[in-house]
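Trainee: I am new to this structure. Please show me how to read its features, one at a time.

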Amino acid sequence: MFVFAIALTAVLAWPQAIGGQTKNNNQLDGTWELVNSQQLPKGARDIKIISEGHFIFVTYDTESGTVLGTGGGTCILNASSYAEHVDFGDRLSPGIVGKDQQFTVKVDKDTFTQTGTLTNGKDLSETWKRVN
């Protein structure tokens, strides 16, 4: 968790622009828990924090507390188009870090759905619920 805390601090301290565009993720800013995904192992919890054009996530085993994967970087939301540039990660699928991941998002109150195909060719479909 120490590494997660350092990474989160670094993500939130980065400049507020990506590709010369101002980041504006108002609808997605906050803390989210993954509630539906084809990739989440049984007994795991995935938390994502999106703040002012940055994101970080951690997946961990709820019984042991062992980190199963983490990553983060910059992101931008433009209507239903959402992009994450993965700047760092641990235990991620090959072909993700250093690349832009393009998604379509649908926001419905305290839930958002994120779908797309990763740069490594894997399909992604996730449903996130806001953590209060």
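Trainee: What volume does the largest pocket have?

Mentor: Rolling a probe the size of a water molecule over the atoms shows where empty space is left. On a 1 Å grid over the protein atoms alone, a pocket is an open set of points where a 1.4 Å probe fits, with protein on both sides within 12 Å along at least five of seven lines. Grid points are joined across faces, edges and corners, and a volume is the space filled by probe spheres set on the points. Here the largest pocket has a volume of about 540 Å³.

Trainee: Which residues are closest to the centre of the largest pocket?

Mentor: They are Q39, D46, F57, L92 and E126, out of 25 residues that line the largest pocket. A lining residue has an atom within 4 Å of a point. The lining divides into 13 nonpolar, 7 polar and 5 charged residues. Ala, Val, Leu, Ile, Met, Phe, Trp, Tyr, Cys and Pro count as nonpolar; Asp, Glu, Lys and Arg count as charged; the others, Gly among them, are polar.

Trainee: What should I know about the model and its numbering before I go on?

Mentor: This is a predicted model: local features need pLDDT of at least 70, side-chain atom pairs count only at pLDDT 80 or more, and totals for chains, interfaces and linings use all residues. Residues are numbered from 1 along each chain as its sequence is written, and side-chain values use heavy atoms, with hydrogens and water left out.

Trainee: How many helices and strands are there in the protein?

Mentor: Helices (H or I, at least four residues) and strands (E, at least two) are DSSP runs, numbered from the N terminus. The protein has 1 helix and 10 strands. From the N terminus on, the order is α-β-β-β-β-β-β-β-β-β-β. Several strands supply at least two residues each to the lining of the largest pocket, among them β3 (30–37), β4 (44–51) and β10 (123–130).

Trainee: Now take Y82. Is it buried or exposed?

Mentor: Buried means under 20% relative accessible area, exposed over 50%, partly exposed in between (1.4 Å probe, protein chains only). Y82 is at 0%, so it counts as buried. Y82 sits in strand β7 (residues 81–90). Across the protein, buried residues make up 37% of the 132 residues.

Trainee: Which residues is Y82 in contact with, leaving aside its neighbours within four places in sequence?

Mentor: Contact means heavy atoms within 4.5 Å. The partners of Y82 include L28, I50, F55, F103 and Q114. Q102 is another of its contacts. Y82 and Q102 are 20 residues apart in sequence, and 6.1 Å apart in space, C-alpha to C-alpha.

Trainee: Which side chain does Y82 join in a polar contact?

Mentor: A polar contact is a pair of N or O atoms within 3.5 Å; within protein, one must be able to donate a hydrogen and the other to accept it, and residues adjacent in sequence count only if both atoms are side-chain atoms. The side chain of Y82 joins that of E84 at 2.8 Å. T70 is found in strand β6 and is buried, with a relative accessible area of 13%.

Trainee: How many salt bridges does the count come to?

Mentor: Side chains of opposite charge can pair when their charged atoms come close. A salt bridge is a side-chain nitrogen of Lys or Arg within 4 Å of a carboxyl oxygen of Asp or Glu. The count here is 4.

Trainee: Where does the partner of E84 lie?

Mentor: E84 forms a salt bridge with K48, with the closest N and O atoms 2.7 Å apart. E84 is in strand β7 and K48 in strand β4, 36 residues apart, linking distant parts of the chain. Both E84 and K48 are buried.

Trainee: What does the salt bridge of D110 and K129 tie together?

Mentor: The closest N and O atoms of D110 and K129 are 2.8 Å apart. D110 lies in the loop between β8 and β9 (111–117) and K129 in strand β10, so the pair ties together parts that are 19 residues apart in sequence. D110 is partly exposed at 30%, and K129 is partly exposed at 36%.
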